[in-house]
Amino acid sequence: MPNQSKSPMKRKAKMYIAGLAGLGLIVLVSIYNCTSSESRQANGQKCFFCDFAHRRQGPPPVLEVETAEYVIFKDKYPAAKHHYLAIPKEHFDSLKALNKSHVGLVRRMEQGMMEFLRSKDVDPKEAIVGFHLPPFISVRHLHLHGIYPPADMSFGNRISFMPSFWFKKSNDAILDLEGRDL
Ligand SMILES: *[C@@H]1O[C@H](CO)[C@@H](O)[C@H](O)[C@H]1NC(C)=O
Ligand SMILES: [Zn+2]
Ligand SMILES: [Zn+2]
């Protein structure tokens with residue numbers, strides 16, 4: 001009996017791994033495609049997030065938090081019950097555009113996100129807080145994700161938001177910036 005149940009289990013594990021690899025690829029490709037279609041936002045061109053942060057256009061945005069430096073609002077396509085974005089008012093394409101002089105800004109954005117999550121009765125240690133890395137960014141304006149609970153997330157989103165070469169947790173991003181030149 002134990003021998004009989006072993007091989008289907010193995011097969012299941014193999015199928016699971018194959019599925020994981022396949023899904024990962026699909027997610028990467030879809031993130032990449034999304035990036036290419038929105039790349040016009042770079043180089044001082046029109047940026048939706050800049051307009052949003054400065055309340056420049058359209059209906060007044062619903063901002064959960066606003067400081068002189070950054071705003072926090074709900075993600076339009078939430079990956080879980082709680083999914084917020086913190087974006088600086090100043091335009092930066094992504095983490096790649098930052099250097100050591102921006103460590104303070106990123107720390108304060110992270111701190112703001114953590115405080116906001118706490119105000120929603122979310123333990124920030126249990127949340128996913130981090131940045132996508134180019135070219136896997138959906139919008140070319142630096143944005144910090146805060147997501148909870150991870151258990152709510154679809155399989156594709158778990159891959160999209162897992163620490164990897166396409167997603168960096170905020171504390172790793174800060175360590176990385178601290179190591180850069182001014
Ligand atoms: C670092 O960022 C600051 C502020 O944006 C900028 O003035 C400076 O030139 C940057 N340094 C490098 C090496 O890019
Ligand atoms: Zn912008
Ligand atoms: Zn993102």
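A: A residue is buried if 20 or more other C-beta atoms lie within 10 Å of its own, exposed if 12 or fewer, and partly exposed in between, with C-beta atoms placed from the backbone. This is a predicted model: local features need pLDDT of at least 70, side-chain atom pairs count only at pLDDT 80 or more, and totals for chains, interfaces and linings use all residues. Residues are numbered from 1 along each chain as its sequence is written.

Q: Which residues of α3 are buried?
A: Helices are DSSP runs of H or I, at least four residues, and strands are runs of E, at least two, numbered from the N terminus. In α3, the buried residues are V106, M109, E110, G112, M113 and L117. They share one side of α3, because they cover an arc of only 160° around the axis, taken from the directions from the helix axis to the C-beta atoms.

Q: Why do such residues line up?
A: An α-helix has 3.6 residues a turn, so residues three or four places apart point the same way.

Q: Which exposed residues does the opposite face of α3 carry?
A: G104, E115, R118 and S119 sit on the face turned away from the buried side.

Q: What covers the buried residues of α3?
A: Contact means C-beta atoms, placed from the backbone, within 7 Å. The cover includes β1 (65–66), β2, β3, β4, β5 and α5 (170–178).

Q: What does L144 touch?
A: Leaving out residues up to four places away in sequence, L144 touches L85, A86, M109, E110, M113, V129, F131 and S170.

Q: What follows α3?
A: D121 does, with a positive phi near 65°.

Methods:
Chains are lettered from A and ligands numbered from 1 in the order in which they are written. Two residues are in contact if their C-beta atoms, placed from the backbone, lie within 7 Å.
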